[in-house]
There are 2 protein chains.
Amino acid sequence: MSLLVVGSIAYDSVKTPFGKKDEVLGGSALYCGLAASFFVPVNLVAVVGSDFSKRHLKFLRERGIDTKGLQIKKGKTFRWKAEYSYDLNMRKTLATHLNVLRNFKPKLPESYKDSKYIFLANLDPDLQHMVLDELNYPKLVACDTMNLWIERKRDSLMKLLKRVEIFIINESEARELTAEPNLIKAGRKICNLGPKMVILKKGEDGALFFGKHFKFLSVAYPLESVYDPTGSGDVFAGGFMGYLTKQNKLTKSSFKKALIYGTILASFNVESFSIERLKKLRREDIDKRYKELKRLTHF
Amino acid sequence: MSLLVVGSIAYDSVKTPFGKKDEVLGGSALYCGLAASFFVPVNLVAVVGSDFSKRHLKFLRERGIDTKGLQIKKGKTFRWKAEYSYDLNMRKTLATHLNVLRNFKPKLPESYKDSKYIFLANLDPDLQHMVLDELNYPKLVACDTMNLWIERKRDSLMKLLKRVEIFIINESEARELTAEPNLIKAGRKICNLGPKMVILKKGEDGALFFGKHFKFLSVAYPLESVYDPTGSGDVFAGGFMGYLTKQNKLTKSSFKKALIYGTILASFNVESFSIERLKKLRREDIDKRYKELKRLTHF
């Protein structure tokens, strides 16, 4: 079983209190796909420019990420530049150059249309609809979004919520979407907008899961050193969806475990810039931290 | 086995976005003692003024709180007035009238001197030392403090940390005490200052426990309605120490469970002003939420 991931690939320039990296691999689909690749083969649908490095393309393939759906267009790859505050809780976007992403129309290779597990990473909801239109009989579709689409494409986003099983959103977006400051109420409100399940990400304070039949709280793995939070939400989603796809069993237990795997993957991601930590990560590191988190939280 | 609680009793006036209450029962020892009384008899050492209501005195006794160590002094009971921000995360103290608390010297009745379990709720660390000087062979002493003492009585507080087993502190105080923004590092640093264990309270984001032999993370019980956070830290400590005293067994397992009971008690406390919710609380309500939190977090 493969996971289909649709989203962006970028070259990021990021500054945090601990350093600065220019033109490093990033983007929602990249982070998510890489995290999911620890569990299952990934089919990637995204766009890059003709400047996208052959080395990076090779890297994706070596990680079990199929690139048949990766469009390589004339022009430059999407660029994003940001700076984090001292405590890493605030981020200022300094530049967004969409480049080839501006005219991106996701197109699924024929063999992807029967995908059962799909993650629609952050993209214009109109494009997320286009992907759903191309799918035959998906089993589980999860999607992410961002404040920009809540503000500018609210109608399209609202329709999308009725077409997906799982909606993944962070706390400030959830508050913005629902105008409800209490996160538990906000989560319930979003459930009523369509999705069967809602995952509300709280960064270093974990995540809340709201389903029709059960709720779950996952804490974040406690870390002494956080260097760069970029992509953590996508890595969380990738770990979550990757594990679920591998299990191919939609039980309470697999959802809970998937949330913990998402948390664990994200905890590694923030320990270094870009995908540096994930690149070196081994499956046994993940399982070790999974067991450790059990010891830290079960009573 | 009884728990000895030493701290303040106050009449509080509190305003939150959800209402306003004047001259209601409060104070660190009151909140903590009341929470602990769900598990064990409590011996209370504090001071009130001659204006302290007989009805309140009767209430304490009915709750199994022994008042032999409660000094009733000529003058007014300690008054505290505060207002909370819209999201309840910020609090502004509007007035602090120490009144009889100004010259308080805690004195243990003879029968309290053999206490095994002791909670030193927030008070001037000089007074907390005085209590420790009077004790014969305590088994487990926990203490709390506040930013005021970190700033004004740092030396006394540092000495105190070498005399207690457990130090309970909230996140901003931990950062202030250690000048370390990362809470995991801050927790470890405080352990190195003397106490065998440190509990770092993060409000609605749970608590971190640091021991010599193990760490633990407790999430907060998720609530849709929070009305007044006053006293929650003391209620958490009271639930924690009350359960440990009842068990009278210092194992990993009892520490973990005690942290969860602390969390649960605090979750009830914030659901109403002053001690209103705790007054109506039944032991079965506590156990129900305990089981629910297990369902919400175990994977």
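## A buried threonine in chain A

A:Thr230 is buried, its relative accessible area being 4% (buried means under 20% relative accessible area, exposed over 50% and partly exposed in between, with a 1.4 Å probe and protein chains only). This is a predicted model, in which local features need pLDDT of at least 70 and side-chain atom pairs count only at pLDDT 80 or more, while totals for chains, interfaces and linings use all residues. Residues are numbered from 1 along each chain as its sequence is written, chains are lettered from A and ligands numbered from 1 in the order in which they are written, and side-chain values use heavy atoms, with hydrogens and water left out.

A:Thr230 sits in the loop between β13 and α8 (232-247) of chain A; helices (H or I, at least four residues) and strands (E, at least two) are DSSP runs, numbered from the N terminus. Neighbours within four places in sequence aside, A:Thr230 is in contact with A:Asp12, A:Val14, A:Tyr31, A:Trp80, A:Tyr84 and A:Asn269, where contact means heavy atoms within 4.5 Å. The C-alpha atoms of A:Thr230 and A:Ala82 are 9.3 Å apart in space, although 148 residues separate the two in sequence.

The side chain of A:Thr230 makes a polar contact of 2.8 Å with that of A:Tyr84 and another, of 2.6 Å, with that of A:Asp228. A polar contact is a pair of N or O atoms within 3.5 Å; within protein, one must be able to donate a hydrogen and the other to accept it, and residues adjacent in sequence count only if both atoms are side-chain atoms.

## The interface of chains A and B

At the interface, 27 residues of chain A are in contact with 27 residues of chain B. The two chains bury about 2,800 Å² between them, 59% of it on carbon and sulfur atoms; buried area is the accessible area (1.4 Å probe) that two parts lose on being put together, summed over both. In chain A, the residues that lose the most area to chain B are A:Leu217, A:Glu224 and A:Phe299, together 32% of what that side buries.

Across this interface the rule finds 14 residue pairs in polar contact, both residues at pLDDT 80 or more. On the side of chain A that touches chain B, α7 (183-191), β13 (215-218), α9 (252-269) and α11 (283-297) each supply at least two residues, and α11(A) gives the most, with 6 residues. That side has 14 nonpolar, 4 polar and 9 charged residues; Ala, Val, Leu, Ile, Met, Phe, Trp, Tyr, Cys and Pro count as nonpolar, Asp, Glu, Lys and Arg as charged, and the others, Gly among them, as polar.

## Two buried residues with partners in the other chain

A:Phe216 is found in strand β13 of chain A and is buried, with a relative accessible area of 1%. Beyond four places in sequence, its contacts in chain A include A:Ala207, A:Leu259 and A:Ile260, and those in chain B include B:Arg295, B:His298 and B:Phe299. A:Lys256, 40 residues from A:Phe216 along the chain, has its C-alpha atom 7.0 Å from that of A:Phe216.

B:Lys202 lies in the loop between β12 (197-201) and β13 (207-210) of chain B and counts as buried at 13% relative accessibility. The side chain of B:Lys202 meets that of A:Asp205 in a salt bridge (3.4 Å, N to O), and the rule finds 4 salt bridges across the interface of chain A and chain B. A salt bridge is a side-chain nitrogen of Lys or Arg within 4 Å of a carboxyl oxygen of Asp or Glu. B:Lys202 is also in contact with B:Glu171, B:Leu183, B:Ala207 and B:Leu208.

## Salt bridges within the chains

Over all chains the count comes to 42 salt bridges. One of them joins A:Glu171 and A:Arg175 (3.8 Å, N to O), which both lie in helix α6 (residues 171-178) of chain A, 4 residues apart, about one turn of the helix. A:Glu171 is partly exposed at 25% relative accessibility, as is A:Arg175 at 32%.

In chain B, B:Arg163 forms a salt bridge with B:Asp133, the closest N and O atoms being 2.9 Å apart. B:Arg163 lies in the loop between α5 (154-161) and β11 (166-170) and B:Asp133 in helix α3 (residues 125-134), so the pair ties together parts that are 30 residues apart in sequence. B:Arg163 is partly exposed at 34% relative accessibility, whereas B:Asp133 is exposed at 55%.

## Helix α2 of chain B

Helix α2 (residues 54-62) of chain B has B:His56, B:Leu57, B:Phe59 and B:Leu60 as its buried residues. Seen down the axis of α2(B), these fall within an arc of 160°, so they line one face of the helix; the arc is that of the directions from the helix axis to the C-beta atoms. The face turned away from the buried side carries the exposed residues B:Lys54, B:Arg55, B:Lys58 and B:Glu62.

The N-terminal end of α2(B) is capped by B:Ser53, with a side-chain oxygen 3.1 Å from the backbone nitrogen of B:Arg55. After α2(B) comes B:Gly64, whose phi is positive, near 80°.
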